Amino acid sequence: GSRLYYNPGIPGVRRFVEDAIMDAVTRYDVDGVHFDDFFYPYPEPAARTRKLAAGEKQDFPDAATFATYGAGFANRADWRRHNIDLLIEELDIRIHAAKPWVAFGVSPFGIWRNATADPAGSATSGAQSYDANFADTRRWVRQGWLDYIAPQLYWHIGFRTADYAALVRWWSATVAGTGVRLFIGQAAYRVGVKGQPAAWSNPAELSRHLAFNRGYPQISGDIYFSARSLRSDRLGAVSRLVATQYPAPALVPVMTPVTGHAIPYPEISSVSRDGHGVALSWRAAGATSFAVYRFATGEERGSCGFTDARHLVATVRAAQWTDTAAQAGRGYTYYVTALDRPGRESAPGSPARAG
């Protein structure tokens with residue numbers, strides 16, 4: 001088309017891309033490396049200056065590269081997939097060798113292959129990442145080359161070409177038993193936008209997606225495109241989503257399998273009540289962040305208290321926090337846990353009570 005691309009078939013290109021990424025990983029305190037869905041470019045419309053068959057697409061012009069580097073491959077499609085496989089596998093190795101806690105994930109196009117093209121594919125009939133941009137996303141999951149995958153399921157429930165529900169079932173089955181986290185890419189950008197299918201005029205569509213997800217324990221969460229769409233809150237859909245699905249804070253899932261023990265629990269060193277609420281501070285070593293749990297007087301902590309999201313009231317980076325929602329005249333008991341760099345949570349420290 002009209003764009004310039006680095007050619008993935010040239011080994012030096014792969015090294016250049018990996019080295020650039022590793023410069024960021026080693027130089028900065030990053031949480032992860034996240035790829036979008038661009039590998040080989042999606043097919044471009046045919047050039048207007050050439051007389052081509054109806055519907056014909058421009059192919060990526062790498063015939064000479066294939067002739068140079070494609071020995072052992074029967075066709076360019078398999079060779080292209082091999083090139084991207086190498087990029088993913090090598091990055092997985094290099095990232096975790098440098099910093100085991102840094103998560104590596106991809107947000108690919110939502111369809112790997114349709115069942116009509118491959119019996120292992122999904123009950124869909126749309127474009128396929130395996131064939132369109134030579135991204136064998138299912139293989140990356142099965143090989144364990146990713147810490148998480150976030151397929152872009154940017155369609156509504158019941159869409160004939162690519163039904164959201166059918167794809168959730170397929171991706172859940174794909175990651176099952178692999179240890180790869182599954183996050184669902186949600187199309188916040190479609191909500192309330194003219195020209196989109198009628199389902200996106202319903203402010204409950206995104207909430208319906210998350211309610212459906214709850215039937216699939218393989219799903220660890222959701223990623224929304226885009227932040228601008230979340231802030232615009234068209235049709236009040238995001239406000240509805242927060243009210244129905246996100247009433248409390250949550251901890252980030254542990255992304256990477258890290259050995260060793262979680263860090264020691266923190267000890268609350270002071271608790272005081274003033275006109276702003278209940279102020280807490282604590283001592284801890286080696287923690288990246290902290291989780292604060294609150295129990296009102298009369299509430300039993302019990303064995304499940306720390307897994308009940310209603311008691312998780314804050315996650316913070318500093319070793320202090322003020323509970324501005326604490327009601328005057330009501331007693332509370334607070335606990336603080338510490339989280340390490342991979343996100344593993346310590347046991348709770350000793351309780352602190354505020355009358």
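**Entry 1: helix 1 and helix 3**

I began with a pair of helices, and helix 1 crosses helix 3 in the right-handed sense (right-handed if the near helix is turned clockwise from the far one by less than a right angle, left-handed if anticlockwise). This is a predicted model, in which local features need pLDDT of at least 70 and side-chain atom pairs count only at pLDDT 80 or more, while totals for chains, interfaces and linings use all residues. Residues are numbered from 1 along each chain as its sequence is written, and side-chain values use heavy atoms, with hydrogens and water left out.

I took helices as DSSP runs (H or I, at least four residues) and strands likewise (E, at least two), numbered from the N terminus. Helix 1 spans residues 11-27 and helix 3 spans residues 76-98. Their axes come within 10 Å and cross at roughly 25°. Axes here are lines fitted to C-alpha atoms over the stretch in contact, with angles from 0 to 180 degrees between N-to-C directions. The two helices are therefore roughly parallel (angles under 35 degrees).

I then looked up who touches whom, with contact meaning heavy atoms within 4.5 Å. Helix 1 brings residues including Val17, Ile21 and Val25, and helix 3 brings residues including Leu87, Leu91 and Ile95. I sorted the contact by class: nine nonpolar, two polar and five charged residues. Nonpolar means Ala, Val, Leu, Ile, Met, Phe, Trp, Tyr, Cys and Pro; charged means Asp, Glu, Lys and Arg; the others, Gly among them, are polar.

**Entry 2: helix 7 and helix 9**

Next I took helix 7 (residues 205-213) and helix 9 (residues 237-245), whose axes come within 8 Å and cross at roughly 30°. They are therefore roughly parallel as well. Their crossing is right-handed. Leu206, Ser207, Leu210 and Ala211 of helix 7 meet Arg240, Leu241, Thr244 and Gln245 of helix 9. I count four nonpolar, three polar and one charged in that contact.

I searched on a 1 Å grid over the protein atoms alone: in a cavity a 1.4 Å probe fits but cannot get out, a pocket is an open set with protein on both sides within 12 Å along at least five of seven lines, and lining residues have an atom within 4 Å of a point.

I found one cavity of 30 Å³ or more. The largest cavity holds about 40 Å³. Its lining includes Leu206, Asp233 and Arg234.

The largest pocket has about 860 Å³. I noted 27 lining residues, with Arg214, Ser220, Gly221, Tyr246 and Ala250 nearest the centre. Strand 7 gives the most to this lining, six residues.

Terms used
Angles under 35 degrees count as roughly parallel, over 145 as roughly antiparallel, 65 to 115 as roughly perpendicular and the rest as oblique. Grid points are joined across faces, edges and corners, and a volume is the space filled by probe spheres set on the points.
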